Amino acid sequence: MWRNVGASQARVSPSTSYTPSRHKRSYEEDEDMDLHPSKQKEQHMGSGGDIHGCVEPKRLETEASAGHHLISPNCSPPLDLNFPLPGEKGPACLVKVYESWDSFKVNDVLEVYGILSVDPVLSIVNNEERDSSALDPMECMDTAEEQRVHSPPASLVPRIHVILAQKLQHINPLLPACLNEEESKTSGITKRLKFVKKGEKIYSKKRERKAEGSYARRDVLPLGKFTVNLSGCPRNSIFTEHIYRIIQQLVPASYRLQMTIENMNHSRFIPHKDYAANRLVSGVLQLASNTSLVVDETQLEQGQLDTTGVHNVTALGNLITWQKVDYDFNYHQMEFPCNINVLITSEGRSLLPSDCQVHLQPQIIPPNMEEYMNSLLTAVLPSVLNKFRIYLSLLRLLDYSISDEVTKAVEEDFVEMRKNDPESITADDLHRTLLVARFLSLSAGQTTLSRERWLRAKQLEGLRKARLQQQKCVNGNEL
C-alpha cells in the first residue's frame with residue numbers, strides 16, 4: 001500500500017471505528033455499553049476523567065458527525081492520537097513489545113506479528129489495577145493525564161501484543177522485506193532496470209534530477225545527501241501540486257509541506273516532550289527514513305514570522321543541511337539523525353539551503369496545465385508504474401564504489417579544472433559532481449563509476465551552471 005500524505009491541514013480526529021460496521025453488537029460491546037453511558041462518549045473523550053454530566057448521546061453523535069470536538073468542564077478533552085502529520089487519518093494502535101525493545105530507534109519502520117486485542121474491558125481492568133496499586137505507592141506513579149493518554153479506550157486504539165518484530169530494510173511493498181544485491185540479481189530485477197530506463201520516456205520527455213537522501217555518515221556530516229531546489233516554478237499555481245502527485249505515484253512515503261506564513265507560525269514541526277502526559281508529542285518532521293519531502297515555497301507570501309515560525313524554518317534548514325532534527329525536551333534538546341529526501345519548489349532561489357539548484361526552462365507550455373499533467377499520469381500502465389517503483393527502490397539498495405584508477409583520474413581532472421578557473425571551481429563543486437556521477441551510474445544499474453559517467457556528470461553540471469548564469473543575466477539578480 002503506497003503511503004502518501006497530502007497537504008491538508010485539517011485537525012486529526014479519531015475515527016469512529018477501525019473495523020467494518022456491524023448491525024449487531026457483540027457481547028463485548030454490550031458489556032462496554034454497561035460500563036460507559038455511550039459509545040460515542042468513549043470515542044471522543046479519553047478514558048480518564050469524570051464523564052457524568054455530559055451531553056446526551058444523540059446530541060453528541062450529531063456534533064461528532066459535523067466534525068466538532070465537544071469540550072465540557074465535566075468531560076475529558078478529545079483524545080489526541082498523536083499522528084505526526086496534519087490531516088493524517090486511519091487506525092491507531094498501541095504496540096506492546098516485551099523483549100529487545102532497545103534495538104528499535106525513533107522513526108524506525110517495523111513489521112510486527114502479534115495478537116490483536118480489541119476488548120474494551122481491558123481499559124477498565126488497567127484503570128482498576130492502577131487504583132488497586134495505591135496500596136503500593138511505588139507502583140502508582142502515573143498522573144491522571146498520563147493514564148488518559150497511555151490507556152485510551154480499546155474501541156479507539158486497539159492493542160497489539162508483539163510476538164515478532166523486525167525493522168524493515170525498505171518500505172516498498174512490491175519488493176521482498178529483506179533484499180540484498182545477490183537476491184536482486186537472481187530475481188531478474190537488475191535485468192529489468194534497462195527496460196524501465198527506456199520506459200521512463202513514456203512518463204517524461206526530459207528527466208530532472210531527483211532529490212536523494214544521504215547514504216552514510218562521517219561523524220556528524222551526512223555523506224551523499226542531495227537536496228534539490230527546483231526554481232522557476234510558477235507562483236501560486238497547480239504546477240507544484242501536480243509535481244507532487246507524480247512523486248506520490250513513484251515513492252512509498254511522501255509529504256508535501258506548503259511553506260505559508262500560516263503554516264510556519266502555527267504548525268508543530270519539532271516533536272516535544274509532554275511531561276504531564278509523559279509522552280513525546282509528535283511533529284511534522286518526525287518522518288520515516290527515505291520519506292520524500294516536497295517543500296512548496298511558491299505558496300510563500302509577505303508576512304511576519306513569529307517565534308514558532310523562526311524555529312520551524314531553522315528546523316527545516318537543519319534537516320536539509322545536517323539530516324537531523326533536534327527534539328525539544330523543554331530543558332534541553334536531543335539530536336535525532338534522519339534520512340529525508342528533500343525537494344524544494346520555488347519561484348526564485350529558495351530561502352532554504354540546498355545542494356543543487358536546477359532552474360526550470362520549459363520547452364513547451366501547455367495551454368491547460370492540469371489536463372497535461374493528468375495525461376502524464378494516465379499514460380502509464382499500472383504494470384509499468386510498478387516497474388518504476390521497483391526500479392527506484394532497488395537503486396537505493398545497490399552498493400556503489402569508485403576504483404583507484406577512476407579516483408586518480410577524477411583528482412587529476414579536478415586539478416586541471418582549478419587551473420583553468422580557480423575562482424569558480426571549489427571542493428563543493430567536486431563533491432556535487434561526484435554525487436551526480438553516482439546517480440547517473442546507479443540509474444543505469446552500474447555500481448562503479450566509469451570515465452564515461454564522470455564526463456557526463458561534468459557536462460550536466462556545466463549546463464546547469466550556464467542556465468543559472470543566463471537567468472541571472474536576464475533578471476539582473478541572483479536566482
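Author: The largest nonpolar core has 33 residues, and Phe226, Leu230 and Ile243 have the most contacts inside it. A nonpolar core here is a set of buried Ala, Val, Leu, Ile, Met, Phe, Trp, Tyr and Cys residues joined through side-chain atoms within 4.5 Å, where buried means under 20% relative accessible area with a 1.4 Å probe, protein chains only. Among the elements that give two or more residues to this core are strand S7 (228–231), helix H8 (239–250) and helix H11 (369–378). H8 gives the most, with six residues. Helices (H or I, at least four residues) and strands (E, at least two) are DSSP runs, numbered from the N terminus.

This is a predicted model, in which local features need pLDDT of at least 70, side-chain atom pairs count only at pLDDT 80 or more, and totals for chains, interfaces and linings use all residues. Residues are numbered from 1 along each chain as its sequence is written, and side-chain values use heavy atoms, leaving out hydrogens and water.

Leu230 touches Ile243, Leu343, Ile344, Thr345, Ser346, Val358 and Leu360, not counting residues up to four places away in sequence; contact means heavy atoms within 4.5 Å.

Now the helices. H8 and H11 pack at an angle of about 10°, with their axes 10 Å apart; axes are lines fitted to C-alpha atoms over the stretch in contact, and angles run from 0 to 180 degrees between N-to-C directions. The two helices are therefore roughly parallel to each other, a term for angles under 35 degrees. Residues making the contact include Ile243 and Ile246 of H8 and Met373 and Leu377 of H11.

Key. Buried < 20%, exposed > 50% of the residue type's maximum accessible area, 1.4 Å probe, protein only. Parallel < 35°, antiparallel > 145°, perpendicular 65-115°, else oblique.
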